[in-house]
Amino acid sequence: MRKYLFPLVAFLALAGAAFAADLAPEEAKDHAGDSVTVRGTVLQVIVARTGNVFVNFGGEYPNQTFSAVVLAKRTPALAEGGKTWLTDLKGKNVSVKGKIEMNEGKPEIVLTAREDIHAN
């Protein structure tokens, strides 16, 4: 029993560290390629003519530090209500879950499900 206890405790400690803390928007750039939760205040929501929606944190475009993005062609069902459910997030503290990708030097999470973003 004892020989199994140390590996179990080590595993739980590592797993807990991986999920322990949310990232601030300005920390996202240091975690490209990682699946994380980013939490912060939404400062701007842009609904582009293409139907893509950009939820910006840490500043307004082009000075945002992080974005959550809905790509209309990739996830049309998410983008359909973008003018309402996403624009209503402006000014709110929001959590975004997903894999951080870099786009033009800025970190972003491309949303694939509505559950990946929510107001706290």
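Author: Start at T75, in the loop between β3 and α2. Helices (H or I, at least four residues) and strands (E, at least two) are DSSP runs, numbered from the N terminus. The model is predicted, so local features need pLDDT of at least 70 and side-chain atom pairs count only at pLDDT 80 or more, while totals for chains, interfaces and linings use all residues. Residues are numbered from 1 along each chain as its sequence is written, and side-chain values use heavy atoms, with hydrogens and water left out.

T75 has a relative accessible area of 12%, so T75 counts as buried. The cut-offs: buried is under 20% relative accessible area, exposed is over 50%, and partly exposed lies in between (1.4 Å probe, protein chains only). Setting aside residues up to four places away in sequence, T75 touches V70, L111 and T112. Contact here means heavy atoms within 4.5 Å.

V70 leads back into β3, residues 66–70. This strand is mostly covered, with five of its five residues buried. F66, A68 and V70 point one way from β3. S67 and V69 point the other way, and they are buried too.

Now the neighbours of β3. Two strands pair if DSSP finds at least two bridges between them. Strand β2, residues 53–57, pairs with β3 in the antiparallel sense over five bridges. Within that pairing, F54 has V69 as its bridge partner, and N56 stands opposite S67. Strand β5, residues 106–110, pairs with β3 in the parallel sense over three bridges. There S67 faces E108.

Follow β2 next. Four of the five residues of β2 are buried, so the rest of the structure largely encloses this strand. β1 and β2 run antiparallel and are joined by five bridges. Q44 stands opposite N56 in this pairing. The hairpin of β1 and β2 has five residues between the strands, and G51 takes a positive phi near 100° there.

F57 deserves a stop. Beyond neighbours within four places in sequence, the contacts of F57 include P25, G40, V42, F66, A68 and V96. F57 and F66 are both buried. The structure holds one aromatic pair. The ring centres of F57 and F66 are 5.4 Å apart and their planes meet at 55°, so the pair is tilted. The test: rings of Phe, Tyr and Trp (its six-membered ring) pair with centres within 6.5 Å; planes under 30 degrees apart are stacked, over 60 edge-to-face, and the rest tilted.

Then the core. A nonpolar core is a set of buried Ala, Val, Leu, Ile, Met, Phe, Trp, Tyr and Cys residues joined through side-chain atoms within 4.5 Å. The largest one has 24 residues, and V38, V55, F57, L86, V96, L111 and I117 touch the most other members. β1 (35–47), β2, β3, α2 (76–80), α3 (82–86) and β4 (93–103) each supply at least two residues. β1 gives the most, with four. In soluble globular proteins, nonpolar side chains tend to be buried together.

One more loop belongs here. A28 lies between α1 (2–19) and β1. The relative accessible area of A28 is 0%, so A28 is buried. Outside four places in sequence, A28 contacts L23, V38, F66, I100 and P107. A28 and T65 are 37 residues apart along the chain, with their C-alpha atoms separated by 8.0 Å.
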